[in-house]
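My entries follow the display.

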Amino acid sequence: MRPVEITEGVHWVGVLDPQLRVFDIIMKADHGTTYNSYLLTEGEKIAVVDTVKATFYEEFLENVRSIVDPADVSYVIVNHTEPDHSGSLDRFLREAPNAQVVCDRQCRNFVKNILNRDVEPILVQDGDTLDLGKGVVLRFVHAPFLHWPDTMFTYLEKDGILFTCDFLGAHYCDDRLFDDLVDDYSHAFEYYYMVIFRPFKKYVLEALDKVERLNPRIVAPSHGPVLRSNPRAYMDKYRQWSSHPAPDEEKKLLVFYASAYGNTAALAEKIAEGARSEGVRVTVMDVAATELGLMIDRIEAADGIAVGSATINGDAVEPVWYLLSHLATLNLKGKVGAAFGSYGWSGEAPKLIAERLRGLKFKVEEEPLRVNLVPTEGDLEKAVEMGKRLARSLREKGG
Ligand code: FEO
């Protein structure tokens, strides 16, 4: 696609990737994506904000060349070094030998490791400015962990354009490019937030405090549509999602189970009984019968989880692994975890679940509760006691 003028002297010079269906291995991209790069030519010095994925380098270069000679570019602003934005940096710098890389201090080593040659970037920090001449000034906003340690935003003061790289972006490919021209893509916008930024809510809120003060007229992310209709509405969405769940004094435990013959389910009910007797709010969920998104939302808001599974062929059952494989994008550190399950003759599932919970950064202090076939009265009492201990552990967790 040919360059698109955003405002006078600011062009989109990115590329479309409509065929993409999976991004970064884990993320669906049902509507493809775009890699947005921006060329700023209004000042005496010319700047490029972010590049594109390496496989699209030629098209990106052609877009730049159609407006300026790359040799005339003075700066390449690197807001974020993930390869979908920095993959073309090395080749572009060879084409633009007079360009200096500008990046956040945290980004320096990433840039060096991408280029693998001796390039000394201009390091900027929060509030620093870069004067391009003719009254065109860039202001940098330190925005760490959105979603890498290196991330920053670049604000073109004169035009009120905030370049945010992934922040406020979406995997959504549409050559009409502007949010007021494309179809409703709110589902892609929300999905992108949930997968990429949900683990970093604290940082999202800190960044919003900064950029709301700037009150940008246009937000130009590096994936998906450019936001020019009402950028504040998109920021408000991020604030709303990042403010959830509200602080709650009542401790919450979720007890998940997958049960072949009702024995693991019986343990789940007894764990819940024990935790409730200690004043904790408990919800019991059958993982095979509950919608994944609901379970994820509940886990995010909970203080702890207990996960039970029958053991089949020496392993936990597939619905349990399916749930656990979708938790990596949540901030789980410090939440309490425990595992349990009834088994026929080998009983590996609870231990495997406990290991996975530890890997996800749950605090797992309980020995997995394993019960052979039908729980005895003694086994059920052990489950009640486990629930009580988990409840006390939640209270000790504080907060
Ligand atoms: Fe679009 Fe974090 O890269």
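Which strands does helix α8 (residues 263-277) lie across? I found that α8 lies across β17 (252-258), β18, β19, β20 and β21. It runs at about 145° to β20. Axes here are lines fitted to C-alpha atoms, for helices over the stretch in contact, and angles run from 0 to 180 degrees between N-to-C directions. Contact means heavy atoms within 4.5 Å.

Ground rules. I am reading a predicted model, where local features need pLDDT of at least 70, side-chain atom pairs count only at pLDDT 80 or more, and totals for chains, interfaces and linings use all residues. Residues are numbered from 1 along each chain as its sequence is written, and side-chain values use heavy atoms, with hydrogens and water left out.

The sheet. I looked up the strand order next. Five strands form an open sheet in the order β18-β17-β19-β20-β21, with parallel pairing. The edge strands, β18 (281-286) and β21 (369-372), each pair on one side only. Two strands pair if DSSP finds at least two bridges between them. Neighbouring strands of this sheet are turned by 15° against each other on average, direction ignored. Between β19 (residues 304-309) and β20 (residues 336-343) I noted five bridges. Ile305 has Gly337 of β20 as its bridge partner.

Helix α11 (residues 349-359) lies across β19, β20 and β21. I read its angle to β20 as about 165°.

Helix α7. I then went to residues 231-243, which form α7. This helix has 13 residues and reaches 19 Å from first C-alpha to last, close to the 18 Å expected at 1.5 Å a residue. The expected span is 1.5 Å times one less than the number of residues. Which residues of α7 are buried? I listed Pro231, Tyr234, Met235, Tyr238, Trp241 and Ser242. They sit on the same side of α7 because they cover an arc of only 125° around the axis. That arc is taken from the directions from the helix axis to the C-beta atoms. Their cover includes α5 (186-197), α6 (201-214) and β16 (218-221).

Whole chain. I noted twelve helices and 21 strands. Helices (H or I, at least four residues) and strands (E, at least two) are DSSP runs, numbered from the N terminus. Buried residues (under 20% relative accessible area, 1.4 Å probe, protein chains only) make up 56% of the 399 residues.

Domains. The assignment, automatic or from a database, gives domain 1 (4-242) and domain 2 (252-392). Their C-alpha centres lie 42 Å apart. Five residues from domain 1 and six residues from domain 2 take part in the contact.

Technical notes. Buried < 20%, exposed > 50% of the residue type's maximum accessible area, 1.4 Å probe, protein only.
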